[in-house]
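I opened this notebook to record what I looked up in one protein structure.

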Amino acid sequence: MTDYLITCVNRSGTDPEHRHITEVGIRPRTGGSGRVVPVKLVRQQIKLGVHHYFSVDASGHRVPVRRYKCVCGRKTIRTFPDDLADNTLSVKKPCASP
Ligand SMILES: [Zn+2]
């Protein structure tokens with residue numbers, strides 16, 4: 001099992017309420033190179049307990065990333081407002097194109 005930090009997010013859609021994350025940039029917490037993976041893979045690995053995923057807030061605290069199904073039906077990931085006042089994934093920049 002590896003702890004991954006999410007470093008950037010790519011989103012789809014144009015509705016500001018539903019610009020859901022479709023890809024994330026990840027890198028091992030212990031260091032090493034990063035890569036961009038589909039959010040579906042992250043969801044699977046969270047569900048199976050294969051790996052853990054975290055976002056880091058402005059204070060450097062790790063916040064768990066969880067599976068999330070929106071009311072619109074899209075399956076994505078998020079950090080919850082009860083983990084933090086802010087959703088730390090919402091401030092992540094888009095991943096650079098390969
Ligand atoms: Zn939605």
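My entries follow.

**Basis.** I noted that this is a predicted model, in which local features need pLDDT of at least 70, side-chain atom pairs count only at pLDDT 80 or more, and totals for chains, interfaces and linings use all residues. Residues are numbered from 1 along each chain as its sequence is written.

**Whole chain.** Along the sequence, I read the pattern β-β-β-α-β-β-β-β. The C-alpha atoms fill a box of roughly 35 × 30 × 25 Å along the principal axes. I counted as buried (20 or more other C-beta atoms, placed from the backbone, within 10 Å of the residue's own) 17% of the 98 residues.

**Strand pairing.** Two strands pair if DSSP finds at least two bridges between them. I found strand E1 (residues 3-11) paired with strand E2 (residues 21-28) in the antiparallel sense over seven bridges. Within this pair, Val 9 has Val 24 as its bridge partner, and Asn 10 stands opposite Glu 23.

I next followed E2 to strand E3 (residues 35-38), an antiparallel pairing over four bridges. Here Val 24 stands opposite Val 37. E2 and E3 form a hairpin with six residues between them, and Gly 31 in the turn has a positive phi of about 110°.

Lastly, I recorded that E1 pairs with strand E4 (residues 52-56) in the parallel sense over three bridges. Asp 3 has His 52 in E4 as its bridge partner.

Conventions:
Helix = DSSP H or I, 4+ residues; strand = E, 2+ residues; numbered from the N terminus. Buried ≥ 20, exposed ≤ 12 C-beta atoms within 10 Å, placed from the backbone.
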